[in-house]
Each structure stands twice: as structure tokens, then as C-alpha cells.
Amino acid sequence: MSKKMKLHLIEGERCKSCGLCVAACPRQTLGIGANLNRQGYAYVVQVAPEKCIKCNICRIVCPDVAIGVIQAS
Ligand code: SF4
Ligand code: SF4
């Protein structure tokens with residue numbers, strides 16, 4: 001995958017704090033954050049973005065389509 005690919009949490013409001021992406025990430029780059037979204041869920045944040053290998057697994061496993069991996073400009 002291109003090194004220009006960059007991970008973004010595109011919809012924190014969609015996150016239900018299930019932790020699937022945190023468990024699935026092979027580089028432990030994701031974590032449940034301290035802030036709550038409007039639904040009252042603590043949403044996921046990147047805790048070590050420099051470790052991300054852009055494998056896309058987090059996006060695939062998220063049942064709420066809260067994560068996107070998009071092309072950086
Ligand atoms: S793209 Fe891969 S390495 Fe990066 S946060 Fe998602 S699961 Fe982890
Ligand atoms: S898999 Fe999706 S809904 Fe679950 S914690 Fe991760 S971003 Fe949130």
C-alpha cells in the first residue's frame with residue numbers, strides 16, 4: 001500500500017466504543033479516548049499514529065463504519 005495513505009477517524013460520532021479495532025490492530029496504534037461523543041461513547045483515537053502500517057484492518061472490522069483510510073494530499 002502507498003506510503004501516502006493516511007489513517008483518519010472520519011466519524012467519531014459513529015463509534016460505539018466496542019474495541020474491535022483496538023484489538024485487531026497489529027501495531028497497537030489505536031485506543032479508546034477520554035472524550036465522549038454525543039451518544040455517550042468514548043470514541044477511538046490514534047495513540048501512536050507513527051506506528052500505523054496502513055493495513056486497513058481497523059476500517060474493515062469496524063461494524064459502525066467509523067474509520068476511514070484515505071489518501072493524503
Ligand atoms: S491501518 Fe492497520 S496499523 Fe493502522 S491503525 Fe488500522 S489496523 Fe492499525
Ligand atoms: S471498531 Fe468502530 S465502533 Fe468499535 S471501537 Fe473501533 S471505531 Fe469504535
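Modeller: By class, the shell around ligand 1 holds 10 nonpolar, two polar and two charged residues; here Ala, Val, Leu, Ile, Met, Phe, Trp, Tyr, Cys and Pro count as nonpolar, Asp, Glu, Lys and Arg as charged, and the others, Gly among them, as polar. Please keep in mind that this is a predicted model, in which local features need pLDDT of at least 70 and side-chain atom pairs count only at pLDDT 80 or more, while totals for chains, interfaces and linings use all residues. Residues are numbered from 1 along each chain as its sequence is written, and chains are lettered from A and ligands numbered from 1 in the order in which they are written.

The shell has 14 residues, and Cys25, Cys52, Cys55, Ile57 and Cys58 are the closest; a residue belongs to it if its C-beta atom, placed from the backbone, lies within 6 Å of the ligand.

Leaving out residues up to four places away in sequence, Cys58 touches Cys21, Ala24, Cys25, Leu30 and Ile67, where contact means C-beta atoms, placed from the backbone, within 7 Å. Cys58 and Cys25 both belong to the largest nonpolar core, which has 11 residues, including Cys15, Cys21, Leu30 and Ile67. Such a core is a set of buried Ala, Val, Leu, Ile, Met, Phe, Trp, Tyr and Cys residues joined through C-beta atoms within 7 Å. Buried means 20 or more other C-beta atoms within 10 Å of a residue's own, exposed 12 or fewer, and partly exposed in between, with C-beta atoms placed from the backbone.

Cys15, Cys21, Cys62 and Ala66 are core members, and they are among the nearest of the 13 residues around ligand 2.

Asn56 has a positive phi of about 80 degrees, although it is not a glycine. Because 14 other C-beta atoms lie within 10 Å, Asn56 counts as partly exposed.

How far can you trust the picture? The chain's mean pLDDT, the predictor's confidence in each residue from 0 to 100, is 86, and 81% of its residues reach 70 or more. Where pLDDT is low, predicted coordinates should not be read in detail.

Key. Contact = placed C-beta atoms within 7 Å.
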